[in-house]
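Thank you all for coming.

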Amino acid sequence: MILNFSIFFTLFLSILTSSANAEATLSVSPTTLKRSGDNVTIQWSDVDSPSDLDWLGIYSPPDSPHDHFIGYKFLNASSTSKSGYGSITLPLTNLRSDYTFRIFRWTQAEIDTKHLDHDQNPLPGTKHLLAESEKVTFGSAVDKAEQIHLAYENKPNRMQVTFVAGDGDERFVRYGETKDLLGNSAAARGIRYDREQMCNAPANSSIGWRDPGWIFHTVLKNLNPAVRNYYQIGSEAKGWSEIYSFISRDMYAQETRAFVFGDMGCATPYKTFIRTQQESKSTVKWILRDIEALGDKPSFISHIGDISYARGYSWVWDEFFAQIEPIASKVPYHVCIGNHEYDFPAQPWKPDWAASTYGNDGGGECGVPYSLKFNMPGNSTELTGTNAPVTRNLYYSYDAGSVHFLSISTETNFLEGGTQYEYIKRDLESVDRNKTPFVVVQGHRPMYTTSNEVRDTTIRQKMLEHLEPLFVKNEVTLAIWGHVHRYERFCPISNNTCGKLWKGSPVHLVVGMGGQDWQSVWAVRPNHPDLPIFPQPEESMYRTGEFGYTRLVANKDKLTVSFVGNHDGEVHDTVEMLATGEVISGSKDDAKSSDTAAAPAPVEVTSGSKDDTESSNVQNVPTSATLVGKSESDGSWFVKAAGLMVMGMVLGFIAGYFTGVKKGSSARNRWIPVKSEEI
């Protein structure tokens with residue numbers, strides 16, 4: 001009996017010792033994914049003395065140094081992490097290389113206040129590796145076409161198709177009007193760019209650079225107007241994608257439908273070196289709803305600058321294109337260049353008055369990914385003065401229904417006497433107003449804003465001096481801008497003075513509310529610069545801190561723009577511009593006084609806006625309303641109050657960061673005061 005007890009006790013001690021000395025394990029499932037967005041589950045166990053600072057690193061390619069992760073998540077994202085085991089499930093984007101995952105122990109004593117992310121938070125330390133997983137691969141899917149997006153071409157019976165694949169072997173787009181018979185074929189040309197062509201860090205550093213793959217482009221020709229076309233991308237050797245479809249442009253149409261916003265960025269399922277834009281997912285979601293509601297009616301998207309916010313971390317471009325593919329593969333996705341795609345210290349046009357404005361906002365990309373990953377109508381280019389390819393997609397124009405659209409660059413020379421100025425002048429003077437009675441100009445940095453964004457003051461003055469006279473003389477209907485991460489609508493305005501008609505006084509909109517949440521407050525009252533008092537100037541008819549996008553709908557008689565808020569997907573502001581020059585303004589105050597209540601149609605909204613505090617029903621503004629309606633949404637008063645809460649927010653954020661508290665949905669909708677370089 002004593003002998004048996006001795007054996008049992010020895011075995012018990014052996015088990016205890018083995019358990020105490022067990023090494024952490026890390027496993028992944030599945031190990032082969034089929035395309036971007038597929039989920040992988042990472043499981044770990046036997047993490048001894050777990051801490052809130054233990055973290056999971058995401059790596060691609062697998063041989064990346066410990067501090068060159070794609071992103072990271074703290075293990076306490078799993079509810080069982082304090083017991084030493086848990087799991088995290090993530091969607092992965094095809095970066096054309098394998099992934100691995102690593103678990104690290106990070107201690108409070110090892111926090112390095114000089115090793116910070118873009119938000120000035122300490123980046124996790126890599127001194128203590130606990131476990132590493134096997135590889136996760138996309139297998140043959142590496143060579144499949146992804147990141148598919150469309151754009152109009154110079155000729156209205158054509159459509160441009162751009163996509164990315166893992167190698168440069170020949171690809172084709174086969175297309176036709178019948179899903180079962182794709183009888184036409186267009187060869188796609190592949191190009192790529194290299195790390196040496198980037199202008200500055202982090203884009204040209206080992207920590208920011210990843211292989212961008214091959215970018216393919218082709219043009220589908222001889223399309224019949226306003227017809228659904230089906231298309232498929234690939235080759236017999238590499239395999240074929242699923243079948244997509246779009247509605248071709250109708251050169252004879254009088255109707256126009258567009259979705260317009262700026263500064264959207266993209267969301268990532270992990271933390272990384274820079275801030276990403278979680279709210280951008282809602283923008284894409286609601287626009288997809290609207291596109292599907294349109295059925296066989298053509299439409300397009302216009303993203304007015306600050307596209308992905310990659311800022312030199314190249315894989316963020318992959319995340320962006322994976323996010324927009326559900327909409328960009330269905331309708332043309334047009335872009336304007338913004339400061340976060342282009343600006344770099346040695347950029348060729350940087351006059352003395354703009355030296356402090358044009359910095360390194362592009363993270364060293366100097367417009368290269370933007371220029372090669374997009375193909376807009378026209379052929380505008382600008383030399384970079386470096387080893388980088390020429391910058392493209394700077395300024396161009398096209399007709400869509402009853403509207404002539406002109407996209408311009410606020411990051412390159414727009415002054416009188418320059419190439420772009422002459423293009424703008426010729427383009428506006430050549431518009432056939434019988435065909436397109438409305439003219440819309442789009443650019444990134446705004447000519448008008450009531451935001452307290454002082455860094456761009458001189459640029460706005462130069463735009464007023466050089467560009468506004470062209471807009472006024474040529475009777476531009478509407479000017480749409482991004483850069484300021486708000487929605488704001490102005491009266492018909494010229495020379496800082498409200499007019500009665502848009503003819504001679506274009507309406508200005510700021511639509512930089514697509515997803516980025518860093519922003520300055522509204523301009524303070526001049527005689528109270530030390531107090532958080534933010535009066536709404538008379539020229540500002542409606543402004544809000546809500547995320548969202550705008551719908552633009554036009555025919556020969558009327559152009560209507562409606563602001564859709566992301567929190568509910570409903571219309572909150574509307575303005576109508578009649579071909580006669582009259583401007584009809586809808587505001588929430590007008591809506592409250594209206595006797596008619598109705599829910600908005602998904603896209604074909606003619607008037608009306610919604611009070612944030614009211615029920616889900618929207619009250620329509622009568623079309624006989626006059627240009628007086630003015631409103632500042634309740635959301636903007638929240639922004640004002642935030643000025644008094646900044647210190648509390650900062651302290652709360654620091655505490656939350658080190659205890660692993662995750663943001664809730666309410667936190668994601670919170671506007672965060674801007675650092676000057678963040679616009």
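Cys-199 is partly exposed, at a relative accessible area of 22%, where buried stands for under 20% relative accessible area, exposed for over 50%, and partly exposed for anything in between, computed with a 1.4 Å probe on protein chains only. Its partner is Cys-366, and the sulfur atoms of this disulfide are 2.1 Å apart, a disulfide being a pair of cysteine sulfur atoms within 2.5 Å. Cys-366, for its part, counts as buried, with 1% relative accessibility.

Before I go further, please keep in mind that this is a predicted model, in which local features need pLDDT of at least 70 and side-chain atom pairs count only at pLDDT 80 or more, while totals for chains, interfaces and linings use all residues. Residues are numbered from 1 along each chain as its sequence is written, and side-chain values use heavy atoms, with hydrogens and water left out.

The link of Cys-199 and Cys-366 is right-handed, with 85° about the S-S bond. What, then, of the disulfide of Cys-491 and Cys-498: is it left-handed or right-handed? The torsion about its S-S bond is about -85°, so this disulfide is left-handed, and its sulfur atoms lie 2.0 Å apart. Here Cys-491 is buried at 2% relative accessibility, whereas Cys-498 is partly exposed at 39%.

By this rule the count is two disulfides, and their pattern, with bonded cysteines counted along the chain, is 1-2, 3-4. Let me finish with two further cysteines: Cys-266 is buried with a relative accessible area of 0%, and Cys-336 is buried too, at 1%.
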